[in-house]
2 protein chains.
Amino acid sequence: MEFEIIKKTPLYNALSEQGKRIYLPQGVFHWSGRAKKEAEIMGTLGSAFGFEEDFIEGGAPEWVPLYLEDIKNYTKFNVNEIVPYSKISGLEDLRKSWIKWLLKKSIYKIDSEQEKLNKLENFITTPVVTAGVTNGIFLCCSLLLNPGDFIISPNKRWGNYDNIVEKLIGAKIKSFDFFSDKKFNVNGMKNAIYEISKVQEKIIIILGFPNNPTGYIPNQEELEEIIDALKEAQKTISKPIIILVDDAYEPYVYSKEVINRSIFYELHELEEDIIPIKLDGITKELLLYGGRIGFITFGLKPHWVKNSQELTTLKAEIDNKLSGMLRTTISNANHFYQSLILKLFDDIGMDGVIEKREKVIHLLKERYEKINAEFRKIKNENISVDSNAGGFFIFVNLNNISANHFADHLLKKYKVGVIPIEKQHDNINGIRIAYCSIDVRKIPEFVSRIDQALRDF
Amino acid sequence: MEFEIIKKTPLYNALSEQGKRIYLPQGVFHWSGRAKKEAEIMGTLGSAFGFEEDFIEGGAPEWVPLYLEDIKNYTKFNVNEIVPYSKISGLEDLRKSWIKWLLKKSIYKIDSEQEKLNKLENFITTPVVTAGVTNGIFLCCSLLLNPGDFIISPNKRWGNYDNIVEKLIGAKIKSFDFFSDKKFNVNGMKNAIYEISKVQEKIIIILGFPNNPTGYIPNQEELEEIIDALKEAQKTISKPIIILVDDAYEPYVYSKEVINRSIFYELHELEEDIIPIKLDGITKELLLYGGRIGFITFGLKPHWVKNSQELTTLKAEIDNKLSGMLRTTISNANHFYQSLILKLFDDIGMDGVIEKREKVIHLLKERYEKINAEFRKIKNENISVDSNAGGFFIFVNLNNISANHFADHLLKKYKVGVIPIEKQHDNINGIRIAYCSIDVRKIPEFVSRIDQALRDF
């Protein structure tokens, strides 16, 4: 693979040394692919196969992967759905289904917005399957960041970003205050972009709503401000801006006042070289934390290619780079949970999945409303709850009280557990409350104890 | 974590910059751990939970992870066995089981070799669960190799080593000819060690039997030569030698003339700083390719620690580094296949698993014997089959014929598929035959067609 087309896009120069280096060599796959088509007898397949009757008592005269009989006791899937490797980039049917799922999540209307739907469908890569959302974030950060490079992120972010970027890769996070006047700090983001553009030829941002830990989601007006700021910055600096869109909590939106889909879609519509990469997965979206299945989908820009052939080649080139990353880090993602999602989509349909999930979202929404209502009752200048409209958490800022100290006191005296986050250099001091795992009936007592603890200070 | 003890061992200086940098911060885990013990109401758990009756019609008044009802249709496991995250380093019960499995695989006798068994059990880390054997190799290579560093490997090796080491990490493989006079090329390995010791303070080797692609396993005498060579080299260079033992094909030994366990055990017994790291997994061992569950187990040396407290601390430090690697790359391994192995071990016992697998090994052994017998019939100076005694493949060297050219001809004219490996700079030209997926009844015809194709040249 020559990577001819990707080299003409701003993506290529944004790649790290590793990202430039990596690819999936075709050797073994070329020959085993040819053998499948041309051979009468194949000696290429590196998994053990045999006739079931030759190793299972009462087995069929069927050519299947050799397996241990007892594994059949634990699942209703057949052997082919759980034993063999999936392809490196994932089961093909699942990848196609996930495109449909992405289109559905865009909430574009088939009748009135067909053009936007078509553009979306044509100008994204076929999602590759990763070992969960973390794995997707890790792979994309590795593709894009050299040691020492900067990625921009608001200060209130998932702690594992810091682990991945700084501890693992040795790159740096350019942080800015998440909020300004209770809204997303658009100027902070813009200034961070300008600052990094002085030292770096590419701008990499990681961002996603609902945000972890605050639960913040922009409303339409705020979204437009964010988009305008990105457009203005991109125009000013004339460098590509790549945005890793962390959509882990995508469907958990509880308020009608905020946008009800990922910012990926808005960013994808932009003609500028503001390039979104969508990172989502079944972890929270389909409530399968232990499933470890995520997806990476690149948003592409029509002006990068001259014709549909170049577009096809570009997609294949990106796919090859991602496959190279997958092959060298995990080989491929597990088969069972891929089969499970496919079956779910087949058996009850995507609409069925959404409908069933509504019960869960409803439950979480009740808690969201209750916990916000309870906190509103507390009149205490020492705390402020960050704007929130979705996700699994709220974040309560503490003034004049060390968050660690407070959490310790709260736990010891009032038997209430929260996660304190105290990062003075990053202007954060507060507690994260995971209401996703608090029964709604306990929330008043939960907040009341926090109120009492606050009064001890 | 201060990493006080590991810093006193030769392991620490062998770590890459990344390996030195990485760790798992305790923040969130510290607070959620405390909350579990001390709290009456917890707001720490980042997965959504609720009473089943609140979101499933006819559900129980039980506190469970919120899940989509229909996933229950596909497995007999309960929700807690497939929905939640496993711990970062794997399910604790599975990790403990895998220690027992390792002890069993050592084939030390409980009565006569109890001392060796005890030493083995005490001086290994608790295996951490990875997303498959590839993931284990990737994580260990990342822990140990900086870009530009050398790892030593025989020339006949799994092609993905090259992808991981060179394309991904940007390190280099110091290659040596696998065979010398049909035996493992001990001198080649020794010379490679001496050469690298001139430019590097640590020696890293990756090695494993049965080997992919040759199927070679040393006999007792050859094993001793390998061990003696390593001891001599280590003494001469006075630098630690770390050996990544790739045990992907561990149980597939078909000949009584060769050693019947991993070289990990022999290396572990050495008092010198010849440090084995065992990389194994369910992929081939339990015939679950799509399971993506592997294990990393460090062999430790008694002379590194003064007492059992230091030993415990050392294990915790290594565990923390590995957990940091896992957290930042995959978060944790999938839950279903971890549950599946645990259940298998519980329900039919480890001996039951081994017994059931015997049927599979028997089937493969028949093929191994047949394919070797058929090749022995061919009298042709242009080919030689590498010594082999196990695994999934044999490797047939070709003289005076390009392997790629031959494979193409074989496929086109005789409809037989094989994988050619042609690396002139590394002294390899031959074909890999995966007899693991050829029915024994087809093997005579398979080899006969190769024989005919050879005569065309």
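Residues are numbered from 1 along each chain as its sequence is written, while chains are lettered from A and ligands numbered from 1 in the order in which they are written. In this predicted model, local features need pLDDT of at least 70 and side-chain atom pairs count only at pLDDT 80 or more, whereas totals for chains, interfaces and linings use all residues.

Chain A contains 16 helices and 17 strands; helices (H or I, at least four residues) and strands (E, at least two) are DSSP runs, numbered from the N terminus. The C-alpha trace of chain A spans about 80 × 60 × 45 Å along its principal axes. Of the 457 residues in chain A, 51% are buried. A residue is buried if 20 or more other C-beta atoms, placed from the backbone, lie within 10 Å of its own.

Chain A is divided into domain 1 (92-343) and domain 2 (355-455), with bounds from an automatic or database domain assignment. The centres of these domains, taken over C-alpha atoms, are separated by 28 Å. In chain A, 23 residues of domain 1 are in contact with 21 residues of domain 2; contact means that the C-beta atoms of two residues, placed from the backbone, lie within 7 Å.

Chain A also touches chain B, in a contact that takes 105 residues from chain A and 104 residues from chain B. Helix α14 (residues 335-377) of chain A supplies the largest share of chain A's side, 15 residues. Strand β15 (residues 416-417) of chain A pairs in the parallel sense with strand β1 (residues 41-42) of chain B over two bridges; strands pair if DSSP finds at least two bridges between them. Here A:V416 stands opposite B:I41.

Within chain A, strand β12 (residues 294-298) has five of its five residues buried. In a regular strand the side chains alternate between the two faces of the sheet. In β12(A), A:G294, A:I296 and A:F298 are buried on one side, and A:F295 and A:T297 are buried on the other. Strand β4 (residues 128-130) of chain A runs antiparallel to β12(A), joined by three bridges, and A:T130 is the bridge partner of A:G294. Strand β11 (residues 274-281) of chain A is also antiparallel to β12(A), with five bridges; there A:G281 stands opposite A:G294.

Note on methods
A residue is buried if 20 or more other C-beta atoms lie within 10 Å of its own, exposed if 12 or fewer, and partly exposed in between; C-beta atoms are placed from the backbone.
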